[in-house]
Amino acid sequence: MADLAILGGTPVRSAPYPAWPVFDERDIEAVTSVIRSGNWGGFPYPGPQSAAFADRFSQVQGGGYPVLMVNGTITIEVALRAAGIGWGDEVIVPAYTFQATAAAPMAAGAIPVLVDIDPDTYCLSPEAVEKAITPRTRAILPVHLGAQIADMDAILELAGKYDLVVVEDSAHAHGAKWRGFGAGTLGHFGSFSLQSSKILTTGEGGVLLCRTQALAEAAASIINCGRPADAEGQHYTMGANFRMAEIQAALGLAALERFPEQIRQRESLLGYAEECLSEVDGVRLLKHDPRHTTRSFYRFIFAIDPQVFGAAHRLVCQALRAEGIPAGAGYPPVHRDPLFQPWTSRLPVPSAFPEYFGFDRLSFPEAERAAEREAVWIDESVFRAGPQGIDDMAAAVCKVRENASALAGLAKGSGA
Ligand SMILES: Cc1ncc(COP(=O)(O)O)c(C=O)c1O
């Protein structure tokens, strides 16, 4: 049995995986021409690059009225505000997500109400959502995590039944489809991050897809200092400058030219990766729901059994990285994130509603199991390296698994 690279052995893979973001002359020309135009920013709103990118993005994603913004956190806050959700309203958020999904409602004055996830998908559990609905609930914020889409049929049904707004956090799901419809076009809003690690990037940035033109106009006003769509000088609602810059939109247009081929490339190897890992003892693949018809994705996530691997996921990921595989343990559970502990109570929402913020006393067993012991997140770059990239990833997982006792020794030594 080969020694683990983390213990000084030879790594499975020494060649680096392809870098991200990808760029070519088109990006350089696009940015250069914006620089020469002198119209670099986002005002007057929208500039020509922004209008073109917004339009093209919604075509590629399959619908919605698009509004470009500075990032994929503001998009969530603005969606809630545009829907009239604010002070003291409850917004249901999964307990396993990036902190932004829970922080954005607070920025809008609303209370994030955490619920547990479905262990088969690591996305919001519809049963848990229904149990959490109260007369103060105004919105559901499903997150399409990693390579998954939350059960949108069940979530939309609940939204219809209880008259709730749905904001799909699609920061990981550009290009993904559910029953042939684009992620982010199923709810009232779809929020997309274009931050540099995302599979469509403008360096920083965000897109909000809105179900109606009226919602899009409300959102556009909030991000344009409160100006109405048709009168430049006036300010009629509480807003700020959250506009995307023309330089970023130009990068987005160039990125969209490469995007469909990148989706195809990653998706074509997803089934192969699942096949390679399906027989590995101690690996549990997440569910592929047949309603998830285009599997465009940001990270490929699977679960390990710490008993079988000799250690919890954090050390397993360290061992995989030593083997040359870009792997990470993902997010902490939201309720354990320092951001949401009692000392955040000087913030307006936790100060006013402390009864919701005993997060350290709350328990979401499935989110904790995923976030603290099981989840292994594999970078999308592995899927741009052809079948060899997948073979190396699978070989490294097998190698780490075969060396479970060595890993257990390491875990004991480090207290992990
Ligand atoms: C699930 C999720 N939601 C929201 C965001 C926030 O996006 P941004 O960093 O563009 O604000 C991210 C970004 O990492 C994310 O992963």
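Let's start with Lys399: leaving aside neighbours within four places in sequence, this residue is in contact with Ala2, Asp3, Leu4, Ala5, Thr10, Val12 and Glu323. The model is a predicted one. Lys399 belongs to helix 13, which covers residues 386–402. Its relative accessibility is 9%, so Lys399 counts as buried, the limit being under 20%.

Two of those contacts can be described further. The side chains of Lys399 and Glu323 are joined by a polar contact of 2.9 Å. A polar atom of the Lys399 side chain also lies 3.0 Å from the backbone oxygen of Asp3.

Now to the aromatic rings, where the count comes to 12 pairs. Here are two of them:

| Pair | Geometry | Centre to centre | Angle between planes |
|---|---|---|---|
| Trp87 and Phe353 | tilted | 5.2 Å | 50° |
| Tyr96 and Tyr331 | edge-to-face | 6.5 Å | 70° |

Trp87 sits in the loop between helix 3 and strand 2, and Phe353 in the loop between helix 11 and helix 12, so their pair ties together parts 266 residues apart in sequence.

Tyr96 and Tyr331 are both buried. They also belong to one aromatic cluster with Phe98, Tyr122 and Trp377.

The charged end of Arg13 sits over the ring of Tyr17, 3.9 Å from its centre, and that of Arg266 sits over the ring of Trp20, at 5.5 Å from the centre.

Methods. Residues are numbered from 1 along each chain as its sequence is written. This is a predicted model: local features need pLDDT of at least 70, side-chain atom pairs count only at pLDDT 80 or more; totals for chains, interfaces and linings use all residues. Side-chain values use heavy atoms; hydrogens and water are left out. Helices (H or I, at least four residues) and strands (E, at least two) are DSSP runs, numbered from the N terminus. Buried means under 20% relative accessible area, exposed over 50%, partly exposed in between (1.4 Å probe, protein chains only). Contact means heavy atoms within 4.5 Å. A polar contact is a pair of N or O atoms within 3.5 Å; within protein, one must be able to donate a hydrogen and the other to accept it, and residues adjacent in sequence count only if both atoms are side-chain atoms. Rings of Phe, Tyr and Trp (its six-membered ring) pair if their centres lie within 6.5 Å; planes under 30 degrees apart count as stacked, over 60 as edge-to-face and the rest as tilted. A charge sits over a ring if NZ of Lys or CZ of Arg is within 6 Å of the ring centre and within 35 degrees of the ring normal.
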